[in-house]
Amino acid sequence: MNADERHHQIVALARRHGEVNVAKLAAELNVSAETIRRDLRLLEKHGLIRRTHGGAYPVETAKFETDLAIRTTRGVPEKRRIAAAAVSLIGDAETIFIDEGFTPQLIAEALPTDRPLTVVTASLNTAAWMAASTPATVLLLGGRVRGRTLATVDHWAAGMLAGFVIDLAFVGANGISRESGLTTPDPAVADIKAHAVRSSRRRVFVGIHTKFGVRTFCKFAEIAEFETLITDTALPLSEAHRYARLGPQVIRV
């Protein structure tokens with residue numbers, strides 16, 4: 001196996017499993033750990049993976065996006081803390097947009113049930129759970145259902161959002177960077193997120209630290225449009241301060 005074939009295999013494994021480990025890759029590909037580390041450095045330079053201590057995880061691109069099943073297994077304690085912090089910011093909001101994705105789904109599960117709420121969402125999972133388990137009024141956006149995330153997109157969903165004035169939106173992203181704002185790989189998803197941002201009086205970004213510094217294909221919002229960014233404590237404090245200088249409060253939990 002030459003270097004190009006090895007690089008292709010590493011990226012394929014990372015995308016299939018959600019992350020890879022240096023020692024396991026070295027054993028599977030029959031090369032040294034140092035060779036794998038060099039491969040990972042090169043792949044990170046090309047924007048295909050991001051290295052972690054002892055391994056790497058895939059970067060989402062216009063041609064690749066992790067599915068919901070993988071998202072439910074990575075960083076779950078951090079995502080639950082982020083969700084709890086997000087719910088604490090509801091204030092007097094009565095209408096709430098809940099984005100697609102696993103962290104927003106955790107926010108939905110943590111919403112208070114002792115007050116009237118109307119929740120708008122593109123997520124089939126979130127809508128089904130809330131309708132069955134809470135007293136909230138749930139509005140599911142209509143449209144084409146994306147199999148990867150079980151969320152609705154296209155002009156039907158965008159048209160519904162354009163007719164709403166929402167108190168508070170909890171929005172996720174595949175990437176957030178100081179240079180490119182909030183991004184996602186799929187243009188149809190970006191359009192729905194952009195409509196949600198425009199339709200909401202307040203906007204809160206929720207996402208684990210691995211989203212920061214990442215740029216994917218489609219930009220849908222500026223950082224300055226958000227009042228708060230909520231992430232975990234693995235985002236360095238110095239980096240949090242850099243994002244805060246663009247306008248929003250940054251909460252690390």
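Reply: Helix α1 passes α2 in a right-handed crossing (right-handed if the near helix is turned clockwise from the far one by less than a right angle, left-handed if anticlockwise). This is a predicted model, in which local features need pLDDT of at least 70, side-chain atom pairs count only at pLDDT 80 or more, and totals for chains, interfaces and linings use all residues. Residues are numbered from 1 along each chain as its sequence is written, and side-chain values use heavy atoms, without hydrogens and water.

Me: At what angle do α1 and α2 cross?

Reply: The axes of α1 (residues 3–17) and α2 cross at roughly 130° and come within 12 Å (lines fitted to C-alpha atoms over the stretch in contact, with angles from 0 to 180 degrees between N-to-C directions). That makes α1 oblique to α2 (under 35 degrees is roughly parallel, over 145 roughly antiparallel, 65 to 115 roughly perpendicular, the rest oblique).

Me: And how do α2 and α3 pack?

Reply: Helix α2 (residues 22–29) packs on α3 (residues 33–45) at about 110°, with their axes 8 Å apart, and the two are therefore roughly perpendicular. Here too the crossing of α2 past α3 is right-handed. Helices are DSSP runs (H or I, at least four residues), as are strands (E, at least two), numbered from the N terminus.

Me: Switching topic, where is Val165?

Reply: Val165 sits in the loop between α8 (155–162) and β9 (166–171), and its C-alpha is 7.4 Å from that of Arg201, although 36 residues separate them in sequence.

Me: Is Val165 buried or exposed?

Reply: Val165 counts as exposed because its relative accessibility is 56% (buried is under 20%, exposed over 50%, partly exposed in between, with a 1.4 Å probe and protein chains only).
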